[in-house]
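Student: I am new to this structure and would like to learn how to read it. Could we go through it one feature after another?

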Amino acid sequence: MGVLPVPAEVRAILLDIEGTTTPIAFVQETLFPYIKDNVKEYLRAHWEEEECQRDVGLLRKQAQEDSSLDGAVLIPLESGSGKEELERVIQAVVDNVHWQMSLDRKTTALKQLQGHMWRAAYATGHVKGEVFEDVVPAIRKWREAGMKVYIYSSGSVEAQKLLFGYSTEGDILELFDGHFDTKIGPKVDSESYRRIAASIGCATNNILFLTDVPREANAAEEADTHVAVVIRPGNAGLTDDEKSYYSLISSFTELFLPSST
């Protein structure tokens, strides 16, 4: 795809994770199946812990908000009447989590539980975060050129830090100046990019956002943020119109920073 010059006013690079820094296959074939396969066991092991109860409380509240949706699973309150009832409540949480995941929901409640489960998986070495081989060298080069580098993902900030803290490249958290998740707003909402710019103390046109999702790219553009769409193995294909409209890169090494010359 050649070289893509970075506009001179850009001071910060904002990175998506799935399909941008990290193979979609890692998320789809490792991280998400881990949740589905282990959520019941995790809940049983950690049910009495305050953190787990907060997670369940958030899921219960989200379930109430979702009650009008087809297939939604409500999570009953415990009355303390024994193991059988506890198993019913846990099963309701499991069913709710599976239902949300089947719809690729991005709710904060779901992402928080997933983040806590992944924390245990990373810490025990069951999972290591994958990054494309061009990512670390490119980010180091950007930082040497004076760029700030941030992550914006629908996965929770905690899940982001776990992926990069326990990565196949080791602990690379030092490469990032900050992390944003859906608490700042949905990635398909242009207002989210204005909030991010305000949070890091710059104008929206001082940011270059790299993502594999055209809807996210469009939202960022509406906020006057610079955008490039990343083409990686396993990513969804682009339409001819999208290919001709967006700036495209297949590797971070294709970005050319004028300030680095």
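Tutor: Let us begin with an idea we shall need: two strands pair if DSSP finds at least two bridges between them. In this predicted model, strand β2 (residues 12-15) and strand β3 (residues 148-152) run parallel and are joined by four bridges, and within β3 it is Lys148 that stands opposite Ala12.

Student: In what order do the strands of the open sheet lie?

Tutor: The six strands follow the order β4-β3-β2-β5-β6-β7, and their pairing is parallel. Because β4 (178-180) and β7 (248-249) stand at the edges with a single partner strand each, one side of each has no neighbour in the sheet. Helix α6 (residues 157-165) packs on the sheet, where it touches β3 and β4, and its direction makes about 130 degrees with that of β4.

Student: Into which domains is the protein chain divided?

Tutor: Domain bounds come from an automatic or database assignment, and here they give domain 1 (4-22 + 129-256) and domain 2 (28-124), whose C-alpha centres lie 29 Å apart.

Student: How much area do domain 1 and domain 2 bury between them?

Tutor: They bury about 1,000 Å², with 57% of it on carbon and sulfur atoms. Of the area that domain 1 buries against domain 2, Ser154, Glu158 and Leu162 supply 38%, more than any other three residues.

Student: Which side chains meet in a salt bridge?

Tutor: Those of Glu158 and Arg119 do, at 3.1 Å from N to O, and the count between the two domains is one salt bridge.

Note on methods. Residues are numbered from 1 along each chain as its sequence is written. This is a predicted model: local features need pLDDT of at least 70, side-chain atom pairs count only at pLDDT 80 or more; totals for chains, interfaces and linings use all residues. Side-chain values use heavy atoms; hydrogens and water are left out. Helices (H or I, at least four residues) and strands (E, at least two) are DSSP runs, numbered from the N terminus. Contact means heavy atoms within 4.5 Å. Axes are lines fitted to C-alpha atoms, for helices over the stretch in contact, and angles run from 0 to 180 degrees between N-to-C directions. Buried area is the accessible area (1.4 Å probe) that two parts lose on being put together, summed over both. A salt bridge is a side-chain nitrogen of Lys or Arg within 4 Å of a carboxyl oxygen of Asp or Glu.
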